[in-house]
Amino acid sequence: MHRGPFWLRWSWRDLRGRWLLVVAIALVLAIGTGIYSGLGSLENWRKASNDASFAALNAHDLKITMTEGSRAPAGTLRKVVESLPASDQVSAVSERLILPTQIEIARPGQGPLVTGGQIVGSELGPHGPPVDGVAAESGRGLRSGDSGQPIAVLDASFGTLHDLPQTGTLQVAGGRPLRYVGQGRSPEYFLVTRPAGGDFGGAEASFAVLFTSLQTAERIAGGPPAVNDAVLTLRDGADQALVRRQLEAALARSVPGSEVTTLADEPAHRILYKDAEGDQRMFEIFAYLILAGAAFAAFNLASRIVEAQRREIGIGMALGVPPKELAIRPLLLGAEIAVAGTVFGLALGLLAGEVFRKALEDLLPLPVMRTPFELHVFIRGALVGLILPLVATAIPVWRGVRVPPIDAIRVGLRSAGSSGLAGLGKRLHVPGSALVQMPIRNVLRAPRRTLLTALGVGAIVSVVVAFSGVVDSFVGTIDSSEREVAGATPSRITVSLDGFHPDHSALVRSVEGTPGVRAAEGRLQVPGKLASGSEEFDALIALQDSGNRLWQPTVASGKGLRPGGDGILISKEAARDLGVSVGDEITVTYPRRIGRQALTQVQAKVPVVGLHPDPFRSFAYMDASQARRMGLAGQVNQIDVAPTPGTSEQDLKRTLFGIPRVAGVERATASAEFVRKRMNDFLGIIRVTELFALLLALLIAFNSTSISADERRRENATMMAFGVPARGAVGLSMVEGAIIGLLGTLAGIAIGVGILNYVLNVTLPETLPDLGVLPTIGVGTVAKAVGMGVVAVGLAPLLTARRVRGMDVPSTLRVVE
Amino acid sequence: MTGISETTVASGQPPPEAPAPLIELQGVARRYQVGEVTVTALEEVTLDVKPGEFTVVLGPSGSGKTTLLNMIGALDSPTAGTVTIAGQDITRASRAELFRFRRQTVSFIFQTFNLFPALTALENAEFGADVSGRGKPREAARETLERVGLGDRVEHFPHELSGGEQQRVAIARALATGNPVLLADEPTGELDFRTGVQILDLLHEQTHREATAVLVVTHNREIARVAHRVIELSSGRVVSDAPNPGGPAKISDLHW
């Protein structure tokens, strides 16, 4: 007898009999491998898209930035570059003038949008700026003919976020009108960050960047042609370090206080690449968890199908069929699941890739996106999907052929052969009748099955808990920051001036006297650095009067600032990162004014006099008297104003914006709002993963229940013979499902909390060092986990209610196995 | 021994004043459609069984014995005729009424025991008492297990019991319901002679003790010797229905 075709024929009949289950298990594997390959590909996609986008726009290799507030006559920086001994290694140089400004943009059908921002004036070639180009996303880009014209391109992130038309008109500080001819993106602003405002980004919501010609920017600034920035690209093979050293030396002589940075120092560049790596560590955890959940489930389900064939295996043994041949049929089943899982996985991988790509486009609006199918990532996941079903089917076969044939074919051996941990149930004094005991006993009776099912559910729940927990933690942290910044005057508006001004100057008085302003308090805010040991990071140091009526930072520990006293108030997060506590001294780098316009950076040891609770570590405070250290005594560059009751915020902002030399007007809590906006984009990827996780949980629940219904046929029939209605039998299965779901959910929540802590304490500090995120699990997240793990798994038996109800009870009762 | 006497003598006669029948079948037929073929499992079956009667239904495979049992147990419905159990016409009963009927009127013993593997012997028996709505189900379960001689095995799971013990647990579960009709489908089919005899003894005892109507379906003619009444089926028809000639034999006289 040719046995090959015989086994194939038999297996084919098996498949026809349970194709739905095979498809469902294959789908479980497919979702696991599909999501694994989708999430696993994100880093490569992001890096490839970053590389392509930076290259496409000739992103700078080196950048010269003059100290804030300083300017040099046009051509100065170019001459410095051209004077370098290694100037032949420089392929292009472009001088720029970057100005802080307030922008009022006309919106059809709505009131104008008033926001803070920046004008980036660059030298223009035929296709716009030759270095750090601007890719038009809508409308048109800049060209050489635009030089000196009142024409600009608006940052596309800002435009998209506010749903602005492709082209339109706007006004910048001083009421100068400009026409924006398109919306575009430039390398430094792929992610908009605020100067010294931390790395989190999200500033595009209320920080508009305008790209224009250098001449246009100079006209807006007024005065003689001047620049404060230059970007340059190097030839292939150039020695970047050498050019940088020469440039720094030359600048120290001719433009003191200037800083030379590389593209890698650029916040947008750093965040994009660091995020790609940091986020990937988090995504990979979730990818592995989803794959593990699918693997547990598929393993469990495939073995349970084969377990049901144990008696047939015993009959085969009794008839003298060699164990190897007996294994063929179950292994063919495993192979069918594996092949179907791989094929579906490929399709789902492509689908997931497409969905993730769309989420990624929202998260990272780069001009060039590269999302090729990452075959090697898919193969890694698919290998698990191929091997697992075969192992899952081989194990029950191995177990089956170990018992004597007589035991294998004996009536009820499989169902009554072992009570697993049911004995434990005897010691658990659960009140209630035998019916009440049954679900608990069934859970204990098959501990391996219970464990695998619970782990499958748990893995999925843990993904949801960790993912949603990240969101909860961010929301909680941002809320906490917003509460701290809002203080007792949440509606107050911060007016940024275009430089340092005496606190009794006409400008300050003009702001204070603006109609609609109830109270005003001046403040000096300067960029700086906080350091201790080898740890150093950027900070925004605010110097304000201890008598400030509008807002004072909360002092969480320490004495806080004293009028006229020395010392600095830093955030708890900063203290933790610097490894200091109240009373310790830290090194503070801050600017000191030299001459009328130039500033230089100086360092001083300053004692920490207190800690504030704002989770943003970059915020630090000193008493206004310390301004003398900076040569800025009696100067302010920001004014907090509280509107009178009934004053429209937009109207007040417009009025304040109309005051010459006012560079920015925004709500004091704007930072928290930026972060919130950015988080919403990040949520896209989370939502996609959650959706697939939910689908996976439902499939696991359905498959598990469906197989359970088969396994419990005789028990259900017996119950029905004794008058227990079908709904009672289904109800018991639901309770059993809910118990397993609860176990899985508890495990999932525990694992999820562990992952969340890992992500927030290990991964996040590397990618988001400026924010001290507090681990938080919201009620909604717990509800989601319970809903998915307990309710979905508990309700799944309802899907089999019809089958149980329509069961042929007499036949089933006589069925031997 | 497990506390059951093998020498119990079956009662010589049914109760002297025969009460109203507990089981009444009038012209019952059951036909199945298998493809284009109509298979007649039962045809024109008319019979009745009184309380306390031990009735054996005999017949070869395919004669309709189990179909008959399923009709009486309300697990299946006739295509013609009426089935009245304890005064209730179950052929007209709704699905919910049938479930209630099964809980409160009949109980089953199966050839393959069909015990719940996750429950102990006591809990299996308690299940029967519990679903029938009997008060103090645990006490009832313990009592019936004592009766079937398993008082010292109550905490054992089915897989820890022998086949005979498992069938006795199944009997305890059926008895614990306290229902007036007990239906047994080849209750000794899986058991050796010695154990089978113990089971028959228990069933027989129940007819005296609680006046339960016991209907045993079997193809084993030897078992019919201990019945008050023997009904023979062939090709779905009752070919004989008569009291045991000379009365039931002693259980100790059986051999197969």
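Is B:Ala74 buried or exposed, judged by the C-beta neighbours inside 10 Å? B:Ala74 has 25 such neighbours and therefore counts as buried (buried: 20 or more other C-beta atoms within 10 Å of its own; exposed: 12 or fewer; partly exposed: in between; C-beta atoms are placed from the backbone).

The model is predicted: local features need pLDDT of at least 70, side-chain atom pairs count only at pLDDT 80 or more, and totals for chains, interfaces and linings use all residues. Residues are numbered from 1 along each chain as its sequence is written, while chains are lettered from A and ligands numbered from 1 in the order in which they are written.

B:Ala74 sits in the loop between α1 (65-72) and β4 (80-85) of chain B. Helices (H or I, at least four residues) and strands (E, at least two) are DSSP runs, numbered from the N terminus. The phi of B:Ala74 is positive, about 60 degrees, although the residue is not a glycine.

A:Asp132 is not a glycine, yet its phi is positive, near 50 degrees. The residue lies in the loop between β4 (113-122) and β5 (135-139) of chain A. A:Asp132 counts as buried because it has 26 C-beta neighbours inside 10 Å.

In chain B, helices α3 (residues 121-132) and α4 (residues 137-147) pack at about 120 degrees, with axes 8 Å apart. Axes are lines fitted to C-alpha atoms, for helices over the stretch in contact, and angles run from 0 to 180 degrees between N-to-C directions. The angle makes α3(B) oblique to α4(B) (under 35 degrees is roughly parallel, over 145 roughly antiparallel, 65 to 115 roughly perpendicular, the rest oblique).
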